[in-house]
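Let's take a friendly walk through a protein model.

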Amino acid sequence: LLESANDAAATLAEGIAGSRPAFVRMMNARARRLGLSNTHYANPVGLDEPGNYSSARDLAKLTVRLQRFSFFKKTVDRQAVTLQTGDVPRTVNNRNPLLNEARWVNGVKTGFTRQARNVLVGSGRRRGISLVAAVLGEPTKELRDIETIALLKWGMTRFRREIAVHKLHQFASVPTRCRRGAELPLVAARAVRHTVRRGERLTTRVVGVPSEVAGPIREGQRFGTIEVLRGG
């Protein structure tokens, strides 16, 4: 993940599946399940070969999926790591230079082949907004890095983080059956935050609330659902 070690990728493939072709079949089956419609693998290391291809959209989609795994997310955000093999420590440096250039960059992976040229899938997080950018086909590493930073910065201006539901905010009240004039306040159990495009607004509505309630009632008991809507 840090040093683009093809030997390590091949060794893992053989260790998991018994052979590289068997592992490639597993890769393609997983790609289909993940909906990567413009991706097909011919080898486990990503080198140019007939039948080995992907797209910027699929690389970004795959990265979003991989970032759900804490080990992956933490590892690609590390500038270096020291591995201990017996008595010999080895320091492996991350080939992604953007980690040194901007604190808000947190990944992900560089690559190069003659057909794909210089590639970088970059990710970053600012003001609660997380984005992934995929840049392919650049003639130099320097231009690859410049374009990735520019794309991420542009993307950050297109989105904002909105709190759609505040915890314990009262959204409704319900009459109680046995106490005339008394009402039970219904509040949100937790906050809901969501990333939206600038210009978009989130709206809420309460559904499933009964016309009245009867005791005994315990704190935290559920009496409906708050739906958060974007564009209806």
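In which strand is Arg117 found? Arg117 is found in strand S4; helices (H or I, at least four residues) and strands (E, at least two) are DSSP runs, numbered from the N terminus. Before going further, note that this is a predicted model, where local features need pLDDT of at least 70, side-chain atom pairs count only at pLDDT 80 or more, and totals for chains, interfaces and linings use all residues. Residues are numbered from 1 along each chain as its sequence is written, and side-chain values use heavy atoms, with hydrogens and water left out.

Arg117 is partly exposed, with a relative accessible area of 34%. Here buried means under 20% relative accessible area, exposed over 50%, and partly exposed in between (1.4 Å probe, protein chains only). Arg117 and Gly137 are 20 residues apart in sequence, yet their C-alpha atoms are 4.7 Å apart in space. Contact means heavy atoms within 4.5 Å.

| Residue | In contact with |
|---|---|
| Arg117 | Gly111, Phe112, Gly137, Glu138 and Pro139 |
| Leu131 | Gly122, Ser123, Gly124, Leu152, Gly155, Met156 and Phe159 |

Leu131 also belongs to the largest nonpolar core, which has 13 residues; Leu131 is among those with the most contacts inside it, together with Trp104, Val105 and Ile149. A nonpolar core is a set of buried Ala, Val, Leu, Ile, Met, Phe, Trp, Tyr and Cys residues joined through side-chain atoms within 4.5 Å. Helix H5 (98-101), strand S5 (129-138) and helix H6 (141-157) each give two or more residues to this core. Apart from it lies another core, of 7 residues, including Ala13, Val24, Ala31 and Tyr41. In soluble globular proteins, nonpolar side chains tend to be buried together.

Now turn to two helices. How do H1 and H2 lie relative to each other? The axes (lines fitted to C-alpha atoms over the stretch in contact, with angles from 0 to 180 degrees between N-to-C directions) of H1 (residues 6-17) and H2 (residues 20-33) come within 8 Å and cross at roughly 85 degrees. H1 and H2 are therefore roughly perpendicular (65 to 115 degrees) to each other. On the H1 side the contact is made by Ala10, Ala13, Glu14, Ile16 and Ala17, and on the H2 side by Arg20, Ala22, Phe23 and Met26.

In H2, Ala22, Phe23, Val24, Met27, Asn28 and Ala31 are buried, and the buried residues of H2 pack against H1.

How values were computed:
Angles under 35 degrees count as roughly parallel, over 145 as roughly antiparallel, 65 to 115 as roughly perpendicular and the rest as oblique. Lists of a residue's contacts leave out its neighbours within four places in sequence.
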